[in-house]
Amino acid sequence: MSRSPSFSVKSELSLKADPDALQRWAVAFCIIRFDLEQGQLIEECFPPGCLTQEEELEVAFSSFPDSVSQHQNRSSIHDCIFFFRFRRQKHSKKGNVTSSEITEIDDKETISTPDEENLIRRSRSIGSKSSRYLYGYVFNRERHDERLKRGGEQKSVVILSHGPYSSVFRPLLQIMGPLYFDIGRKAIEHIASYVSLWPSPVPGKLMELPIGNAMLKVNLPPAHSLPLESGMSYEESASSMAPFLPNNQSVPQGLFHDSDIFGTFRGLLLQLWLLWELLLIGEPILIIAPTPPQCCEAVASLVSLVAPVLCSVDFRPYFTIHNPEFAQLNALQEGDKYPPMVLGVTNLFFLKALRNIPHIVSVGSPAPSSSRVAIASRSTGRIPGKPEGFGLQQLSLKKFSPSSLLNVVKLRRDGPLCLMTEHKEAIWSTYVATTKPDTSILNRLIDAGMSPRVEESMSVVNNEILRRHFLELTTNFLAPFGPYFRATTPSEGSSPFADPPPLPPFNADDFLMSLSARGVGKFLSKRMRSNWLDLYRRFLKGPNFMPWFQRRLAVAENEQHRLWRQARMKTDMHLLISRMPELEIVDCFNAIERHLLGEIQLLHSGRAISDSVAMCQKLKGDLQAVFNVLPNDMQQLLLLNPQRAALLQGSSSPELTKLPGRPSIQVGGCVIQFAKITKCITRNQVGSDIEGLHHASIKQHDP
């Protein structure tokens with residue numbers, strides 16, 4: 001696991017940015033200046049006009065450290081990198097098509113097979129209620145100069161993107177930020193031109209992205225962890241995410257896989273299991289830290305703990321009082337329920353404004369009084385070089401020491417408002433965790449000692465240990481849901497042209513009753529208290545379960561569709577129909593025709609897969625084989641329909657007269673007119689034809 005990108009030398013190119021291609025990765029590049037008279041102002045935005053006025057204001061206010069949170073740092077230059085997330089205003093922009101819009105467009109191309117129709121309906125139900133978010137990645141520079149008003153100036157370089165690609169934009173800002181302050185606007189144009197040349201993002205893959213003479217090598221989060229609001233179509237997000245440990249654990253399994261869990265929660269390691277539960281069941285959490293980099297790293301680390309669950313909690317890595325949604329939260333009275341969310345803040349005013357939020361976490365350390373912060377470091381606020389040993393043995397004993405117990409009692413008595421006078425790492429929550437801290441995992445963590453270089457390396461190792469443990473913990477927690485996603489294949493001797501059986505229906509009460517009877521399994525029973533069923537009950541009622549379950553169910557249905565389609569490709573049609581009675585052969589003809597029309601329409605709609613043409617050829621041959629064994633009177637009845645006759649017999653000439661406005665495609669020697677076929681050979685009409693054939697067959701065999 002690498003926390004910084006790898007680089008290799010590339011030749012310099014002279015390019016011009018393509019705004020349309022840029023949209024695959026970034027919505028806009030912004031330069032924002034803090035003006036003494038007018039406040040935050042967007043000086044540059046490329047491409048121009050891609051944000052509403054309200055969005056420009058929100059981006060501007062979120063791109064600077066909150067002055068109330070900052071300790072005095074009188075060094076000449078102070079750089080920091082952080083990111084924020086905000087809900088985008090609903091408006092139509094070129095290249096910004098939501099998943100629900102994609103679904104509506106795709107639905108205009110009718111698909112005949114019921115399993116494909118179910119997939120479209122499933123994808124719409126998942127994505128239609130989602131709101132669209134934008135991520136802002138910020139390089140902020142504070143320059144202190146006594147000759148300037150207020151003794152200095154602030155500027156931020158911001159990259160706006162639809163995707164939670166911190167592994168890409170953090171190292172990109174390490175290049176782009178200093179470059180802008182060296183050469184100005186040309187830096188934006190150069191960086192935008194290279195980004196527009198990048199290939200489209202491939203979730204879950206290692207990608208090589210060239211920037212000038214450098215090459216960024218970064219892992220993207222997997223598709224199943226990306227919300228459908230990110231603009232991906234259903235097919236792109238249908239990836240394997242079974243509730244079992246992945247074979248290759250080096251591949252990212254969730255969002256923010258490069259976040260610094262160990263460094264962020266170093267003083268609260270025993271509480272990680274409590275935080276894991278709180279996020280899993282969707283409890284509202286307020287995270288407060290001295291600086292924006294620390295609070296956004298804490299939110300990202302917390303979200304990464306629940307992988308591979310699709311995190312549906314509204315998380316805000318850096319939230320300010322200028323956010324439009326702050327007024328709604330501030331209006332909540334005592335007894336009102338907070339929405340499921342994780343807010344990262346630096347302004348101590350939130351401790352009073354949101355004093356009724358049930359869970360408050362304080363992390364990080366105040367910035368040193370005089371030192372330049374190295375932007376390449378992923379430190380969460382510790383002073384580099386400070387002799388600060390980890391002391392795992394002390395950590396284990398600290399829980400039981402009298403002085404530690406007194407401190408905990410004092411913190412609980414004083415409440416989070418004690419942070420107004422002195423920052424401390426602590427958690428205020430009345431929630432009692434079901435999962436016990438795994439001391440064997442804590443004992444495997446390595447103490448960095450005094451060397452900053454060793455500390456950086458050991459933090460990578462410790463993060464890997466923690467991330468693998470919580471991945472294993474989450475996948476074992478999800479394992480009881482596995483039977484609901486078990487795809488079936490056609491049994492031996494049965495027809496793969498029939499509709500596959502539906503997946504088992506889910507009922508929460510039945511699931512809990514069954515789980516209570518059979519137990520939770522050895523892995524969790526050793527790590528959870530006797531009330532573990534309550535955790536499942538809370539998870540089922542929380543905001544994360546249904547989006548994750550529906551997403552996983554859609555993937556299972558897609559996998560089952562793929563398996564049955566593969567079985568059709570391999571079926572020996574002559575052997576299959578030799579075992580069928582006449583009435584089943586008639587039903588088989590109907591099913592093959594329906595699947596063939598579905599494949600042809602997929603080709604026409606542009607959503608065909610690699611073997612669609614071969615599948616059409618195979619189904620056409622199977623249809624002809626079934627047709628050949630039908631009685632002559634049935635054959636004559638079927639051939640009365642000219643479009644069906646075209647499917648069966650093909651055309652002796654490759655050139656068919658094409659009716660105006662009706663697209664066609666050649667499949668083998670047969671050119672098919674889609675609009676005509678769709679209109680004339682609907683499922684109802686085929687059904688009525690077959691019903692007539694049934695009656696004719698029964699009458700023919702009636703003594």
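Modeller: Happy to! Helices here are DSSP runs of H or I with at least four residues, strands are E runs of at least two, and both are numbered from the N terminus. This is a predicted model, so local features need pLDDT of at least 70 and side-chain atom pairs count only at pLDDT 80 or more, while totals for chains, interfaces and linings use all residues. Numbering starts from 1 along each chain as its sequence is written, and side-chain values use heavy atoms, with hydrogens and water left out.

Colleague: Great. What kind of peptide bond joins Phe-46 and Pro-47?

Modeller: A cis one, with omega about -5°. Pro-47 sits in the loop that runs between strand E2 (39-46) and helix H2 (53-62).

Colleague: And what is omega for the bond from Ala-307 to Pro-308?

Modeller: Omega is near 10° there, and that bond is cis too. You'll find Pro-308 in the loop between helix H10 (292-304) and strand E9 (314-316).

Colleague: Which residues line the second largest cavity?

Modeller: Ala-307 turns up again: the lining is Ser-225, Gln-253, Gly-254, Leu-255, Val-303, Val-306, Ala-307, Val-309, Leu-310 and Cys-311. A cavity is a set of points on a 1 Å grid over the protein atoms alone where a 1.4 Å probe fits but cannot get out, and lining residues have an atom within 4 Å of a point.

Colleague: How many of that lining are nonpolar, polar and charged?

Modeller: Seven are nonpolar, three are polar and none is charged. Nonpolar covers Ala, Val, Leu, Ile, Met, Phe, Trp, Tyr, Cys and Pro, charged covers Asp, Glu, Lys and Arg, and the others, Gly among them, are polar.

Colleague: What about phi of Phe-256, positive or negative?

Modeller: Positive, near 55°, and in a residue other than glycine. Phe-256 belongs to the loop between helix H7 (234-237) and helix H8 (261-264).

Colleague: On to packing. At what angle do the axes of H22 and H23 cross?

Modeller: Helix H22 (residues 582-605) and helix H23 (residues 612-629) cross at roughly 155°, and their axes come within 9 Å. The axes are lines fitted to C-alpha atoms over the stretch in contact, with angles from 0 to 180 degrees between N-to-C directions. H22 and H23 are therefore roughly antiparallel to each other; under 35 degrees counts as roughly parallel, over 145 as roughly antiparallel, 65 to 115 as roughly perpendicular and the rest as oblique.

Colleague: Who makes the contact?

Modeller: From H22, residues including Ile-585, Phe-589, Ile-592, Leu-596 and Leu-603, and from H23, residues including Val-613, Cys-616, Leu-619, Leu-623 and Phe-627. Contact means heavy atoms within 4.5 Å. By class there are 15 nonpolar, two polar and four charged residues in it.

Colleague: How do the axes of H20 and H23 cross?

Modeller: At roughly 55°, with the axes of helix H20 (residues 545-570) and H23 coming within 9 Å. That is why H20 and H23 are oblique to each other. Arg-565, Arg-568 and Met-569 of H20 meet Ser-612, Ala-614, Met-615, Lys-618 and Asp-622 of H23, a contact of three nonpolar, one polar and four charged residues.

Colleague: And how far apart are the axes of H5 and H6?

Modeller: They are 8 Å apart, and helix H5 (residues 166-183) packs on helix H6 (residues 186-197) at about 150°. H5 and H6 are therefore roughly antiparallel to each other. Leu-172, Met-176 and Tyr-180 of H5 are among those in contact, as are Ile-188, His-190 and Val-195 of H6. The classes are nine nonpolar, one polar and one charged.

Colleague: Last one: where is Gln-154 found?

Modeller: In strand E5 (residues 152-161). Pro-65 is 89 residues from Gln-154 in sequence, with 9.6 Å between their C-alpha atoms. Leaving out residues up to four places away in sequence, Gln-154 touches Ile-32, Arg-33, Phe-34, Phe-64, Pro-65, Asn-140, Arg-141 and Glu-142.

Technical notes:
On a 1 Å grid over the protein atoms alone, a cavity is a set of points where a 1.4 Å probe fits but cannot get out, and a pocket is an open set with protein on both sides within 12 Å along at least five of seven lines; lining residues have an atom within 4 Å of a point.
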